[in-house]
Amino acid sequence: MLFRQLFDPETSTYTYLIADTSDKEAILIDPVLEQVERDLKLLNELGLNLRYCLETHIHADHITGTGKLREITGCQGIVPQNAQAACADRFLKDGEVLQLGEIPIEAIATPGHTDSHMAYLVNGKQILTGDSLLIRGCGRTDFQGGDAGILYDSVTQRLFTLTDDTLVYPAHDYRGQTVSTIKEEKQFNPRFTGSDRSSFIQLMASLDLANPKKIAEAVPANQQCGKVSATI
Ligand code: FE2
């Protein structure tokens with residue numbers, strides 16, 4: 001299996017490239033529009049065939065690269081069940097497994113950051129947590145149907161119940177961290193250690209964060225799989 005973590009510095013977004021090296025089938029998870037050329041170049045260099053683009057959720061901070069990649073490569077665009085993106089080719093529901101060659105990618109419903117957010121367990125060993133669980137943090141819960149109590153349940157009941165050595169790969173990091181484990185996050189994540197459900201809800205309500213710079217353009221564009229006006 002090939003597993004690559006790619007970074008967009010403008011929005012601190014991680015995109016993941018996963019491929020089955022025997023049949024050369026590849027998937028991109030959470031691609032970023034501005035990085036489509038980078039991704040296509042790498043796919044080409046590695047001789048990979050892009051089968052799928054998969055989203056953990058409808059993003060508010062960047063526009064997905066899925067629409068452009070789908071246009072160029074003919075790949076399928078896949079989003080979580082109930083995500084408001086009617087343009088998607090396929091919707092994954094909780095527990096459903098997307099098979100990439102020999103590699104199983106299991107959808108785990110982890111709402112709370114947004115109402116239709118999914119994490120993806122790759123090969124039973126690596127969890128792509130999207131914006132539900134970040135390294136020593138978690139995604140915000142103050143828009144797009146976000147709900148702090150529901151996020152607390154998702155993280156503690158769906159992610160912290162994975163085996164301790166499961167590798168945690170988030171959709172963002174703002175401090176240069178790249179990977180963690182479930183064991184580490186249970187021990188050291190300040191949003192969850194020592195807080196019960198109600199204190200977590202209080203903490204999330206007190207964050208008072210500014211809106212992401214691109215929210216006004218990103219959410220509607222992502223609901224159309226990354227289709228934006230003629231400038232692209
Ligand atoms: Fe997000």
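Glu25 is in contact, meaning heavy atoms within 4.5 Å, with Ile18, Ala19, Asp20, Asn49, Arg51 and Leu100, if we leave aside its neighbours within four places in sequence. Glu25 sits in strand β3, residues 25-29. Strands here are DSSP runs of E with at least two residues, helices are runs of H or I with at least four, and both are numbered from the N terminus. Glu25 has a relative accessible area of 12% and is buried. Buried means under 20% relative accessible area, exposed means over 50%, and partly exposed is in between, with a 1.4 Å probe and protein chains only.

A word on the model. It is predicted, so local features need pLDDT of at least 70 and side-chain atom pairs count only at pLDDT 80 or more, while totals for chains, interfaces and linings use all residues. Residues are numbered from 1 along each chain as its sequence is written, and side-chain values use heavy atoms, with hydrogens and water left out.

Now the core. A nonpolar core is a set of buried Ala, Val, Leu, Ile, Met, Phe, Trp, Tyr and Cys residues joined through side-chain atoms within 4.5 Å. The largest one has 21 residues, and Ile18, Ile27, Leu54, Leu98, Ile105, Tyr120 and Leu128 have the most contacts inside it. At least two residues of this core come from each of β2 (13-20), β3, β4, β7 (97-100), β8 (103-109) and β9 (118-122). β8 gives the largest share, four residues. Leu54 is in contact with Ile27, Leu98, Ile105 and Tyr120, among others, again leaving aside neighbours within four places in sequence. Another core, of 18 residues, lies apart from this one and includes Ile108, Ile127, Leu151 and Ile182.

Next, the metal. Which protein residues are donors of the iron ion? They are His57 (NE2), His113 (NE2) and Asp131 (OD), lying 2.1 to 2.3 Å from the ion. Donors are N, O and S atoms within 2.8 Å of the metal, or 3.2 Å for Na, K and Ca; water is not among the atoms, so sites may look incomplete. Along the chain the donors follow the spacing H-x55-H-x17-D. His57 is in the loop between β4 (49-54) and α2 (66-73), and Asp131 is in the loop between β10 (126-130) and β11 (133-134), so the pair ties together parts 74 residues apart in sequence. Both are buried: His57 at 2% relative accessibility, and Asp131 at 6%.

A cavity is a set of points, on a 1 Å grid over the protein atoms alone, where a 1.4 Å probe fits but cannot get out; a pocket is an open set with protein on both sides within 12 Å along at least five of seven lines; lining residues have an atom within 4 Å of a point. The largest cavity holds about 60 Å³ of space. Strand β5 (residues 76-80) supplies the largest share of its lining, three residues.

The largest pocket has about 650 Å³ of space. Volume is the space filled by probe spheres set on the points, which are joined across faces, edges and corners. Its lining has 28 residues, and Asp61, Arg140, His172, Tyr174 and Pro212 are the closest to the pocket's centre.

Two of these names return with Ser12, which touches His172 and Tyr174, among others, not counting residues up to four places away in sequence. Ser12 is in the loop between β1 (2-8) and β2, and it counts as buried at 14% relative accessibility.
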